[in-house]
Amino acid sequence: MSSDYFRYISVDLGQKRTGLAHTDLLRTIASPLETVLTTKLMPRLRELIETGQYKGLVVGWPLETSGKEGKSVERVRSFINQVERQFPGLEIHKVDERYSSEEASSIMVLSGLPKKKRQEKKRVDQIAAAIILQRFLDFNSY
């Protein structure tokens, strides 16, 4: 694969479940990928990163409404440290995740997704990860 073509993967880290999203190879559009149990996150990231398609990780950074770091910051910081140890060459970016879950819910309503499917938490997690990743792409256009 050409060095111009690679993907970013995004993580919306939760206590029980973690939403994953990724970009296309030109890094213009973020798409929901999957939701995994947080306990299974590192093995799944390894599988994805070892494909050679991913050169960067975008992590939702838990800020409070005021803009101050939220109570989940230490958990996310610990996760980032673990990723840095396991994947030393991987770019890691933090993106404000405020309102991403609310925005994900709104998108599902606007897209006409039936209420029963909108209530599946795993869908919200994936879409929130895609929103975080799209924010990164929009701010860092290549």
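How do the residues of the lining of the second largest pocket divide into nonpolar, polar and charged? I get four nonpolar, six polar and one charged. Here Ala, Val, Leu, Ile, Met, Phe, Trp, Tyr, Cys and Pro count as nonpolar, Asp, Glu, Lys and Arg as charged, and the others, Gly among them, as polar.

This is a predicted model, with pLDDT of at least 70 needed for local features and 80 or more for side-chain atom pairs, while totals for chains, interfaces and linings use all residues. Residues are numbered from 1 along each chain as its sequence is written, and side-chain values use heavy atoms, without hydrogens and water.

Pocket entry. I listed the lining as L13, G14, Q15, T38, T39, L41, M42, R75, S78, F79 and Q82. Two elements give two or more residues to it: helix 1 (41-49) and helix 2 (73-86). Helix 2 gives the most, with four residues. (A pocket is an open set of points on a 1 Å grid over the protein atoms alone, where a 1.4 Å probe fits, with protein on both sides within 12 Å along at least five of seven lines; lining residues have an atom within 4 Å of a point. Helices are DSSP runs of H or I, at least four residues, and strands of E, at least two, numbered from the N terminus.)

I found L41, M42, L45 and R46 of helix 1 in contact (heavy atoms within 4.5 Å) with F79, Q82, V83 and Q86 of helix 2. That contact divides into five nonpolar, two polar and one charged.

Residue entry. I placed K94 in strand 5 (residues 91-96). Leaving out residues up to four places away in sequence, K94 touches V59, W61 and I80. The C-alpha atoms of K94 and P62 are separated by 9.4 Å, at 32 residues apart along the chain.
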